[in-house]
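Take a first look at the sequence and the 3D structure below.

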There are 2 protein chains.
Amino acid sequence: MTKLLPVGATIGILGGGQLGRMLSVAAARLGLKTHIFEPGANAPAGDVAHLVTTASYDDAAALTAFGKTVDIITYEFENIPTRALDLLETLAPIHPGRQALATSQDRLVEKTFLQELGLQTAPFADIANAGDLEAALGTIGTPAILKTRRFGYDGKGQARIMAAGDADQALADMAGAPAILEGFVNFTHEVSVIGARNPSGDVACYDPGENVHEAGILRTTTVPAKLTPSQRTDAVLIAARILNALDYVGVMGVELFVTPQGLIVNEVAPRVHNSGHWTQNGCAICQFEQHIRAVAGWPLGAGTRHSDVVMENLIGDDVDRVPELSNSDAAIHLYGKAEVRAGRKMGHVNRVVGPAS
Amino acid sequence: MTKLLPVGATIGILGGGQLGRMLSVAAARLGLKTHIFEPGANAPAGDVAHLVTTASYDDAAALTAFGKTVDIITYEFENIPTRALDLLETLAPIHPGRQALATSQDRLVEKTFLQELGLQTAPFADIANAGDLEAALGTIGTPAILKTRRFGYDGKGQARIMAAGDADQALADMAGAPAILEGFVNFTHEVSVIGARNPSGDVACYDPGENVHEAGILRTTTVPAKLTPSQRTDAVLIAARILNALDYVGVMGVELFVTPQGLIVNEVAPRVHNSGHWTQNGCAICQFEQHIRAVAGWPLGAGTRHSDVVMENLIGDDVDRVPELSNSDAAIHLYGKAEVRAGRKMGHVNRVVGPAS
């Protein structure tokens with residue numbers, strides 16, 4: 001039997017946003033405590049965590065004090081400075097591991113890794129300067145999208161190149177950061193698989209969800225996704241293959257484009273994922289608990305879905321719809337963020353639309 | 001439209017046990033903070049609350065400081081000292097209100113209230129002394145059960161009287177506390193209704209669950225309960241009638257005995273209830289969120305059940321079964337209690353057994 005992290009043990013979580021908040025709640029459900037490390041004040045996760053450290057990722061003393069209070073460390077976002085990780089890993093095991101982080105922190109490394117696994121990705125090229133970009137546009141063509149290799153999320157650090165004339169401005173938008181050019185993929189829709197793997201090597205994946213984005217931000221996820229049975233199997237096998245190749249421990253989100261030529265991997269997130277929020281109301285064991293189970297060495301839940309769900313993000317002013325939404329059967333999940341800003345994820349709702357179909 | 005308690009508002013919760021813990025998590029889901037008031041150290045609710053005050057209910061300064069930080073006050077147990085309530089209600093509204101508390105804090109008052117509503121209860125008599133007890137046993141007969149009027153739970157403060165010869169010992173067990181004699185009810189099984197009412201007078205009830213007790217402690221709740229359609233309707237109407245009569249705000253647990261002569265009200269708990277824990281995995285909106293919605297002036301969830309569930313309490317050493325349980329599809333809910341004691345509720349598991357039947 002797997003040795004379970006015992007009741008009362010503490011999981012350190014890097015990042016105190018909504019994902020850290022929902023991870024903390026899931027940990028509490030299993031009798032575990034959490035300690036949040038977050039540079040920003042009034043972290044959403046702070047309201048439901050046992051301890052919160054408010055400090056910068058270059059504050060070695062704070063990192064050390066944090067590391068000494070926790071039994072294991074996990075994170076809610078992938079852009080954690082390497083030096084902080086170097087220090088923390090001397091104090092407690094970090095899950096998911098460094099290889100997964102290093103892979104997903106850099107779009108070029110990630111795409112290369114996926115290709116080497118034999119998986120399909122968008123065509124891409126490493127862009128260090130205007131010459132690289134011109135050459136790559138010659139091969140990949142337009143439209144294409146120029147992205148910083150590191151630290152991008154929710155459409156930030158990206159510039160579309162609709163025609164060669166857009167190249168200079170796009171490169172200027174990168175502000176000198178190493179970049180990658182990606183060709184557009186002609187896809188019918190995007191799906192994602194939320195998969196988990198624990199230290200024993202067990203893998204469990206949830207049914208794929210179908211994602212709709214607006215302005216680069218996830219708007220809705222619908223489960224089940226429109227997929228043929230063989231596409232569904234392919235999607236899950238792709239996720240399992242990535243999990244195994246990285247000797248991964250935790251939950252991972254794998255975004256896939258559905259095309260007539262098969263499934264193309266868009267992005268891998270080494271953490272719980274917005275497109276997995278539906279599991280909170282569609283499964284007995286949600287992605288947050290699944291992640292905690294994995295990093296704490298517990299057996300994984302099977303990922304069984306009991307209901308069909310539509311998840312909708314509440315972005316910026318959408319949160320003003322809460323009075324109306326609270327009058328429906330939607331399950332509301334708010335993140336406790338005091339300040340509403342355009343494009344800011346304030347919460348989400350899950351609508352259970354029927355038994356699992 | 002109802003004025004909702006806004007995101008970032010604070011709900012004060014009297015009592016920091018597992019019910020306070022699960023209420024705190026539900027409040028967080030709606031973007032609300034909680035402040036726990038609890039005399040005991042290391043309160044289970046403390047791990048997931050924004051603030052915790054560790055102080056006695058006769059510490060007026062602590063109560064005052066607590067009351068000033070909160071927008072409304074609720075509680076996880078009904079045996080709150082009256083003087084603490086007198087002080088707190090000058091600082092913030094208390095839901096459910098004083099009438100509900102006064103009614104449920106005293107078994108004699110409660111049974112009298114239920115009878116005056118025209119509901120069936122076990123036969124009962126007020127017992128102040130041996131003479132009262134002798135007379136009551138003459139009317140009610142044996143077997144019967146002598147209970148303290150106040151501060152009893154989970155079988156504490158109770159003595160069975162199987163024959164008249166047990167009367168003296170039973171009275172001695174009450175240690176001079178005012179008592180009530182209750183006749184035994186010949187019931188086939190016990191069910192409970194978890195109902196909710198908000199300040200607008202809206203009422204929503206969950207489907208009745210069927211309860212099995214062992215040694216006076218709830219062991220399992222199974223939903224749906226074995227009830228005919230008309231019994232199910234009766235059960236819900238009884239709960240709704242009690243909620244209305246008390247001008248109640250919050251969630252209430254109503255335990256009912258099923259007998260060939262109809263449903264007999266056993267007990268009313270003015271709070272979230274152990275027999276409603278199944279709602280966490282059987283409904284989009286669980287009893288804890290429903291209670292928070294009610295006391296915060298939000299619209300109630302409909303109480304719709306998407307799945308059939310069996311809830312099992314983990315009592316004392318049962319918690320040692322967690323490694324095995326974690327290897328199944330059961331949803332595990334642990335309370336983070338460090339010390340295992342016989343009869344102590346350590347957690348519960350919900351097994352989703354299929355779509356709502």
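What covers the buried residues of H6(A)? The cover includes strand E5 (124–127), strand E6 (144–148), strand E7 (158–161), helix H7 (167–173) and strand E8 (179–183) of chain A. Helices (H or I, at least four residues) and strands (E, at least two) are DSSP runs, numbered from the N terminus. This is a predicted model, in which local features need pLDDT of at least 70, side-chain atom pairs count only at pLDDT 80 or more, and totals for chains, interfaces and linings use all residues. Residues are numbered from 1 along each chain as its sequence is written, chains are lettered from A and ligands numbered from 1 in the order in which they are written, and side-chain values use heavy atoms, with hydrogens and water left out.

Stay with H6(A), which spans residues 130–140. Leu133(A), Ala136(A) and Leu137(A) are buried there. Seen down the axis of H6(A), the buried residues fall within an arc of 105 degrees, so they line one face of the helix. The arc is that of the directions from the helix axis to the C-beta atoms. On the other side of H6(A), Glu134(A), Gly138(A) and Thr139(A) are exposed. Buried means under 20% relative accessible area, exposed over 50%, and partly exposed in between (1.4 Å probe, protein chains only). Now look at the two ends. At the start of H6(A), a side-chain oxygen of Asn129(A) comes within 3.0 Å of the backbone nitrogen of Gly131(A). Just after the helix, Gly141(A) has a positive phi of about 80 degrees.

Asp106(B) caps the N-terminal end, with a side-chain oxygen 2.8 Å from the backbone nitrogen of Leu108(B). Just after H5(B), Gly118(B) takes a positive phi of about 85 degrees.

Next, step back to the two chains. The same surface serves both copies: 100% of the contact residues of chain A recur in chain B. Contact means heavy atoms within 4.5 Å.

Within chain A, the domain assignment gives domain 1 (10–94), domain 2 (123–183) and domain 3 (189–355). The C-alpha centres of domain 1 and domain 3 of chain A lie 22 Å apart. Between these two domains, 18 residues of domain 1 are in contact with 21 residues of domain 3.

What lies inside? The largest nonpolar core has 48 residues, and Leu32(A) and Trp298(A) touch the most other members. A nonpolar core is a set of buried Ala, Val, Leu, Ile, Met, Phe, Trp, Tyr and Cys residues joined through side-chain atoms within 4.5 Å. Helix H1 (residues 18–29) of chain A gives the most to this core, with five residues. Apart from it lies another core, of 47 residues, among them Val349(A), Ile72(B), Ala204(B) and Ala294(B).

Some single residues touch both chains. Glu289(A) sits in helix H10 (residues 287–295) of chain A. At 1% relative accessibility, Glu289(A) counts as buried. Leaving out residues up to four places away in sequence, Glu289(A) touches Ala26(A), Arg29(A), Leu30(A) and Ile332(B). Ala330(A) lies in the loop between helix H11 (322–325) and strand E16 (331–334) of chain A. Ala330(A) is buried too, with a relative accessible area of 1%. Its contacts beyond four places in sequence include Val349(A), Ile285(B) and Arg293(B).

Finally, visit two loops of chain A. A cis peptide bond joins His95(A) and Pro96(A), with omega about -10 degrees. Pro96(A) lies between helix H3 (82–88) and helix H4 (98–105). Asn42(A) has a positive phi of about 50 degrees although it is not a glycine. Asn42(A) is exposed, with a relative accessible area of 76%.

Conventions. A polar contact is a pair of N or O atoms within 3.5 Å; within protein, one must be able to donate a hydrogen and the other to accept it, and residues adjacent in sequence count only if both atoms are side-chain atoms. Domain bounds come from an automatic or database domain assignment.
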